[in-house]
Amino acid sequence: MVTVLSVAIPTVCGMTTNPPDGGAWPRVRAAIARGRLARLANTVLTLDEAERRAVAAELPGHIGAARQAHQERARRSRTWSDGGEWIEPMRVAGAGTIGGAAAVATWLYRRDFTRWRRGRDIAPLLQVITARPQEWQADLAVRLALRLRGTPAQARDDSVPLALELLRRTGVVPPEHDPLVTAWVSQPPDLANDPLTPHLVPRLFEAEGVGRALREDTLEPPAWNSGGHTWLAALRDEVAAGRLAAEPLVEGCVRRFLYGGTGPDLRFFVRLHELLAPEPDGEHTRDYLRLLPAAPGPVAELALRRLRGAGRLTGDDVEEAVSALLFRAEGKLVRAGLTLLEQAARETPGDLDHLAGALGSAFLCESYQVRERAVRLAVKHAARFTPVGAEAVRTAAEALPADLAARLSEAYGVTAAEPEQEAADAFEPGELPPFEPLARDPFPPPLTDLTATYDRVGDGVTFERWLDAFVRDPSPRPCPGQGRIYRRRHWSRLKAWTEALLREAADPGAEPPLPAPEPPQVGQVGQVAQLCGVPVMGVVRRFVEISRYERGVPGEQAGASADRLPEPGWVSAPVRIMLARCAEVLAALKAGTLPPYLLATPTLTSGHIDPAVLVDRLEGYERAGALAMPADLGQALLRLPREADPEVIGRAGRLTSEAGLALARWLADRPEPETRVDWSHANGKYTHDRQKGEHGPRLRPRIKAEPTGFAMLDELLSDPPSATGDDYRAYMESWRLTLPSDREAVAMHLMPYLLNVWPRPGGFHEYVAALFSQDGPVGEGTALLIAVQLTEHGMYAWPERGLRLLLGAAATGCLPAAEVGRQLGLCLRRDVARLRDVRAALEQCAGQGAHREVWQIMSGLLSVYLPGPDERPNTSHTQALALASEAAHWAGVRGTLPAIEEAAARKGTSGFVRTARALHERLLAV
């Protein structure tokens, strides 16, 4: 009889291990669990072929158990780890037991082994890999090299050092693979002792990504790496020691320049070329000439220096170089092209006919200074041109302005062309397209079927008809919906209020009490804070804010109330007065104090109320002893026209109620809101110019008016928010009806959606156009609404809508043209608009009959857009002056402007100054 004894088996990392004599896999598994890589490598090296196959078969299935054991141990010890304690042993075990090199390459970098910690020790991996056959090692080295992709994940793991070390140890020829070369140059250089040097140095100039990796490499190491060695210094030392030849490196740099690339990516090769290149010679003249037209600035400058030092250039070479340089954007290279032309003229004996073509290229340059300098050069060397060369110069001079061509008349017989006389019919403006203003028809009568239309009150006219009908007849009607409106604390939609009115009329007192606020759960707050990576108190404050809004708890904001009316800022002020009137009607219905009719129901579809009709309504209130509801009375006052008949004003003065007295005061002294638009940036400062590093401009609409005594009126005539949510844009087509005599105030309320095209309603331009049919002065708000939409660009832009807006405003006589121009100038300064879009739009407007308005726009634009005394003019400023010159011709105006006069008084002969002087003279001469 055999007695089996129970032996306690120790546990490591939470896993039960088998006795040491249980086979190869239990021994390897125990070594993996211990996590000691050196002992694991020694264990793997003792396995025979069969044992290695057995272990390799077990490894994939052991990944989950190893991860779970590691996580359990980390949980018990309450420590964080990136997983290296189980990942590295698994990788070492696989590298020493898995049969094929391809399978090992896949195993080492499988997704399960991803970790975030840098600085892996590859010695244990190398210990088991180098024990494999040499051919197998070479195969693995090539496969690992080809796996390199230059990704951030590979920058964190050991892909690069392991692949490079295996290539060095095996001596195999590295594969043709650009990321391999990039990875190699990302390591500190040791070219003298690196077996990869002869293979990879020639590839530095072909591999994509090398220049980007070495863009910050300099001859001297940075201060934080004073003991290090840079690649430039390493290559220089190898050339000095005779282990590398300089000429192949220089030729490689030239080839890399010809391949093309950005300036930063070619910076290393420029430095290397300058470091190793011998004295200039003519060997690469053609290559350097090919670099001049389009190579990045530093490369073109290098090529130009080599050409200058190479000795005498042929006439064709000079012409090619000058033609290439004169049409570059960099002023330094343009001037260098002329210097090269002057140098060739000085160094060339005999005639200069071969330089006539280069002079002709200089005559065609856009820069006036370049053309002027070329003319001086032509005059200086006129005697050195034969009749054939002089004829070539004379022909090329036809492209010169009249003043420069006149300088060549004596030396070359050039006849300066008279400035072209602008024909009277050169510009024929059309007629302004007709603009159909919105009709001012009598307001339609109240609705009859309120139940069928309670949820169709989205437009202002239908809403007024519905509310008027309900107040006149609040008798019970069938109740719509299912009463779900009571689940929400605030009602921001009109149909919620109309449903509530119908329900209250049908079943008085049926509205359930408001629920008490519920504080957020602590666990929920902690989860949100951890998920968002923000402090817990920040989440608590946000929960409280949302809870106050949804539950109606009074908060710190002014105007927070215990009824269903949303707080200011959650909806627009024009909508909030509509909701407030509904709230008043509902409260009066509950209290039994509903008046016989409303005061604010318009008499015209424009939203206006006839002053005589409002006096009649208030006289009826006084006879019936009815009290006016504040929001309804305030809305009625806003709907009055700006002027009233004296007889009506006299009748209003005889009213005795508080509402009648308020009407009399309003007719006698109507408040006039003051409006403006401030441009600001992220730190809250207001400025005309866009600030460096700022993502985009911000608008802050401003409305200021004397207090009226009506809370809702004061809210409508105060600053709108600069940013809004989705509910804010509701019923935007009806906003004009709340302020029919103050269209500029409506424009200010539209402002938050102007610069953000994405959430802007599709009919936004129509809401702006509707203001042209309303009353009141126009100012910065209306002007900016037109200016921005006129020059919008991008996927969601419709500049033709802005064109129709400008022409419509011009046709109706309410276009603030100078202010539109001023706002366009600010848009240009803030990068909201582009000058080419401004030009295209204004040219179209001028051609359609708004040519006089276009000049007024340009006068306003120049007043803020032209550079001040401490600013440098640029090409855009010159182009703006040229556009203003055309606009002045179209409009036939006379009399200069201060901004133009100041620009013309500047010193110098730049294109900006010359254009300003020409415009100044034109305006004085007309």
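## A walk through a predicted model

Start by selecting Thr230, which touches Pro189, Asp217, Thr218, Leu219, Glu220 and Pro221 when residues up to four places away in sequence are not counted; contact here means heavy atoms within 4.5 Å. Thr230 sits in the loop between α12 (210-213) and α13 (231-240). Helices (H or I, at least four residues) and strands (E, at least two) are DSSP runs, numbered from the N terminus. With a relative accessible area of 8%, Thr230 is buried. Buried means under 20% relative accessible area, exposed over 50%, and partly exposed in between (1.4 Å probe, protein chains only).

Before moving on, a word on the ground rules. This is a predicted model, in which local features need pLDDT of at least 70 and side-chain atom pairs count only at pLDDT 80 or more, while totals for chains, interfaces and linings use all residues. Residues are numbered from 1 along each chain as its sequence is written, and side-chain values use heavy atoms, with hydrogens and water left out.

**The whole protein**

Zoom out to see everything. The secondary structure comes to 45 helices and four strands. The protein has 926 residues, of which 49% count as buried. Among contacts with a separation of 6 or more, 70% are between residues 24 or more positions apart. The accessible surface is about 44700 Å², and 52% of that belongs to carbon and sulfur atoms; accessible areas come from the Shrake-Rupley method with a 1.4 Å probe, and for residues only the protein chains shown count as cover.

Next, select Phe269 in helix α15 (residues 263-276). Phe269 is buried, at a relative accessible area of 0%. Show its surroundings and, leaving out residues up to four places away in sequence, you will find Phe269 touching Leu204, Phe205, Val210, Gly211, Cys253, Arg256 and Phe257. Leu249 is 20 residues from Phe269 in sequence and 9.4 Å from Phe269 in space, C-alpha to C-alpha.

Then go to Thr498, in helix α27 (residues 494-506). Thr498 has 1% relative accessibility and counts as buried. Setting aside neighbours within four places in sequence, its contacts are Tyr454, Val457 and Trp466.

**Three helix pairs**

Two packed helices are described by the angle between their axes and the distance between the axes. Axes are lines fitted to C-alpha atoms, for helices over the stretch in contact, and angles run from 0 to 180 degrees between N-to-C directions.

Select helix α18 (residues 315-326) and helix α19 (residues 331-347), which pack at an angle of about 160° with their axes 7 Å apart. α18 and α19 are therefore roughly antiparallel to each other. Angles under 35 degrees count as roughly parallel, over 145 as roughly antiparallel, 65 to 115 as roughly perpendicular and the rest as oblique. The crossing of α18 and α19 is left-handed, a term for a near helix turned anticlockwise from the far one by less than a right angle (right-handed if clockwise). To see the contact, show side chains including Val318, Ala321 and Leu325 of α18 and Leu333, Gly337 and Leu341 of α19. By class, the contact of α18 with α19 has twelve nonpolar, one polar and no charged residues. Ala, Val, Leu, Ile, Met, Phe, Trp, Tyr, Cys and Pro count as nonpolar, Asp, Glu, Lys and Arg as charged, and the others, Gly among them, as polar.

Now pick helix α31 (residues 611-624) and helix α34 (residues 658-668), whose axes come within 9 Å and cross at roughly 160°. This pair, α31 and α34, also has a left-handed crossing. Leu614, Val615 and Leu618 of α31 meet Ala659, Gly660 and Leu663 of α34.

For the last pair, select helix α30 (residues 573-591) and helix α32 (residues 630-638): they pack at about 140°, with axes 8 Å apart. α30 and α32 are therefore oblique to each other. Ile577, Ala580, Arg581 and Glu584 of α30 contact Pro630, Ala631, Asp632 and Gln635 of α32. These residues of α30 and α32 divide into four nonpolar, one polar and three charged.

**Two loops to finish**

Most residues other than glycine have a negative phi, and most peptide bonds are trans. Select Tyr731, where phi is near 60°, a positive value. Tyr731 lies in the loop between α35 (711-716) and α36 (735-738) and is buried at 14% relative accessible area.

Your last stop is Asp831, in the loop between α41 (817-829) and α42 (835-865). Phi of Asp831 is a positive value near 60°, and Asp831 is exposed, with a relative accessible area of 51%.
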